[in-house]
Structures are given as C-alpha cells and as structure tokens.
Amino acid sequence: MDEEDQVKVKTDDAVRQLSRMPARCPVQKCGETVFPSNLMMHMLEKHAYGFEDVNSEIYDHVPLMLHFEPKDIEYGNCCMVTLCYGGVKDQLETQPGLSFLSLPNVGLINNQHKYDNFLPIMMMVCRTTWFAQFNDKQMEDELTSKNGNKAGIYVFWLVAPNITRKLYYTLTAYDRYYHNSRSVIRTVRDFSSCQNPSEFMPHEDNYLLLRDSEILELMSLGRLNCYSQDNKERGIPMELIIYENPLKPSIQEHPGKLYSKMPRTKGTVPRTVNGKVSLTKRPFSKTIAFL
C-alpha cells in the first residue's frame with residue numbers, strides 16, 4: 001500500500017468515526033432534533049428563507065457579501081444566513097462529502113441532490129447583553145433594567161455538523177463606505193455543542209462580537225452624506241470567506257535574495273534629535289481598529 005492509499009484509509013476512518021448522534025437545531029425557536037446527515041435537508045426546508053431570504057452556495061476562499069440590519073434582530077439567537085459549502089469551486093473531488101471532511105447528506109429531494117456532498121453551514125447571530133454572562137438571573141434582570149441600553153452586544157458565529165478537519169472563516173464588518181472595519185479569523189463550531197453565547201463565550205473565542213457602540217459607529221459613519229433609500233436599507237456590509245487551508249503569502253526568489261510580492265512604501269519617518277519616532281505622527285491609513 002503506497003502513501004496515497006494510506007492517507008485515504010486514514011481519512012476514510014476519520015469520517016467513519018464522526019458522531020451520528022442527533023442534536024437540537026441551533027436555532028433557539030426551532031428546537032427540532034436533527035441528525036448530522038439530515039441537517040442540510042432541515043436547513044433548506046426550515047431556515048433557508050427564515051431571515052431576509054438569504055441562502056447561498058459558498059466556495060473555498062470565495063468572498064460572500066452580506067448585509068446585516070441590527071434593528072431586525074430580536075433578543076435571542078437566530079439563523080442569519082444558510083450556506084452550502086462546496087469546497088473549491090468547479091473541483092468536484094473537493095466537495096466535503098467526497099474529500100473526507102464530512103458525512104454525505106441524506107433525505108434531499110429533486111434539485112437538492114446537487115448538495116448531496118456539500119456541507120451545511122448556518123451563520124448564527126444573537127442579540128444579548130453583557131449581563132447575560134451572570135449565573136444569577138435576578139441580578140442580570142436588575143442590571144439590564146437599569147443599564148441595559150449600555151450593555152447590548154451582537155454575537156456572530158458559524159455552525160456545521162461535526163467534521164474531520166478544522167474549517168476556518170474570516171468574517172469582516174464594515175461601515176457603508178468601507179473605511180472602517182472589524183474582522184476576525186475563527187473556526188466553524190459543531191452544531192451539536194451549546195449554541196447559547198452566555199455559556200460558550202467564556203470558554204472559547206470562535207465568534208465575532210460587536211458592541212452596541214460599535215454597531216452605532218459603523219451605522220453612523222455610513223450615513224454621513226448618504227441619504228438615498230437604497231443605502232438606508234443596506235444595513236452593515238459584511239464579508240464572509242470560508243476555507244480549509246489559510247493562504248500563504250507568495251514569495252519570489254531571486255539569486256541570493258528573497259522578495260515578497262507585498263509592495264513597500266518608501267519614505268522618511270520624522271524623528272526627534274534623539275533619534276526617536278515622533279508620537280504625534282499620524283498614520284496615512286484612515287482604517288480604525290476597534291479594540
């Protein structure tokens with residue numbers, strides 16, 4: 001048995017060992033019990049058009065643009081977008097059900113069969129407050145009633161059936177002019193694990209968190225000099241990129257030297273008489289990083 005066959009045997013064994021135990025649907029108001037291989041069918045039938053009619057195919061390293069409207073979100077979690085991940089576009093062998101990433105889907109009918117080997121992914125969003133982290137619910141209610149308008153947060157994360165390898169994503173929220181952004185690189189969570197942010201946030205970081213103040217800043221920056229009806233309906237632009245392997249920066253080799261393709265800006269940096277960089281020097285970029 002050659003090395004390639006050994007890899008196939010190992011990956012096939014990894015798929016066989018994936019849990020087939022059912023779990024509750026990640027959507028709080030749904031509560032149905034779903035098997036991992038049936039999640040695609042359940043997602044397409046119950047949640048594909050539940051929130052702003054957003055359902056999309058998505059491929060490895062291909063950006064997907066979304067728009068998030070905070071005023072449409074009630075307290076609690078919901079499915080913001082339903083996604084069918086198909087590996088590398090136009091490469092059939094990279095579909096998750098064929099590349100030993102996940103179990104194939106069952107129960108699909110008619111034109112849904114094109115997703116037999118795709119991976120169902122649900123982009124979740126939860127509107128809550130910092131006070132929800134308290135175990136004491138009486139204290140949570142008291143603090144929320146007094147300062148709830150200053151402690152609001154929105155939590156975003158992705159869930160899918162259990163898989164054999166890590167699946168990464170980059171999620172970025174922009175203002176409407178794309179001058180400012182918040183971005184994270186995270187991994188997709190198992191849908192059978194807890195989907196209550198107040199329970200999983202203290203133990204992991206696979207989510208994007210936006211405070212009310214950040215939401216208002218992104219919205220207000222986008223409204224400056226922008227009064228058309230189209231822009232008012234757009235909400236906050238978001239970009240989602242899903243991938244199995246992060247791309248490495250390309251390097252060009254030259255005799256005796258290594259050059260990166262990343263351009264470098266030449267110029268002088270103002271320094272004091274002691275040779276220190278002036279702290280009053282402003283960056284040329286207008287990008288703001290919210291910390």
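Visitor: What makes Glu204 count as buried, partly exposed or exposed?

Guide: Buried means under 20% relative accessible area, exposed means over 50%, and partly exposed is in between (1.4 Å probe, protein chains only). Glu204 has a relative accessible area of 26%, so Glu204 is called partly exposed. Please keep in mind that this is a predicted model, in which local features need pLDDT of at least 70 and side-chain atom pairs count only at pLDDT 80 or more, while totals for chains, interfaces and linings use all residues. Residues are numbered from 1 along each chain as its sequence is written, and side-chain values use heavy atoms, with hydrogens and water left out.

Visitor: How do you know that Glu204 and Arg189 meet in a salt bridge?

Guide: A salt bridge is a side-chain nitrogen of Lys or Arg within 4 Å of a carboxyl oxygen of Asp or Glu, and for Glu204 and Arg189 the N to O distance is 2.8 Å. Glu204 lies in the loop between α4 (197-200) and β11 (208-211), whereas Arg189 belongs to strand β10 (residues 189-190), so this pair ties together parts that are 15 residues apart in sequence; helices (H or I, at least four residues) and strands (E, at least two) are DSSP runs, numbered from the N terminus.

Visitor: Why is Arg189 called buried?

Guide: Arg189 is called buried because its relative accessibility is 6%, which falls under the 20% limit.

Visitor: What makes the pair of Glu74 and Lys29 a salt bridge?

Guide: The closest N and O atoms of Glu74 and Lys29 are 3.2 Å apart, which is within the limit for a salt bridge. Glu74 sits in the loop between β4 (64-68) and β5, and Lys29 in the loop between β1 (23-24) and β2, so the pair ties together parts that are 45 residues apart in sequence. Glu74 counts as exposed at 54% relative accessibility, and Lys29 is exposed as well, with a relative accessible area of 71%.

Visitor: How many salt bridges does a search of the whole structure find?

Guide: The search finds eight, and elsewhere Arg182, Arg211 and Glu214 are linked in a network of salt bridges.

Visitor: How do you know how many disulfides the structure holds?

Guide: A disulfide is a pair of cysteine sulfur atoms within 2.5 Å, and the structure holds zero of them. Cys126, for example, is in no disulfide, since the nearest cysteine sulfur, that of Cys78, is 8.4 Å away. Cys126 counts as buried at 6% relative accessibility, while Cys194 is partly exposed, with a relative accessible area of 32%.
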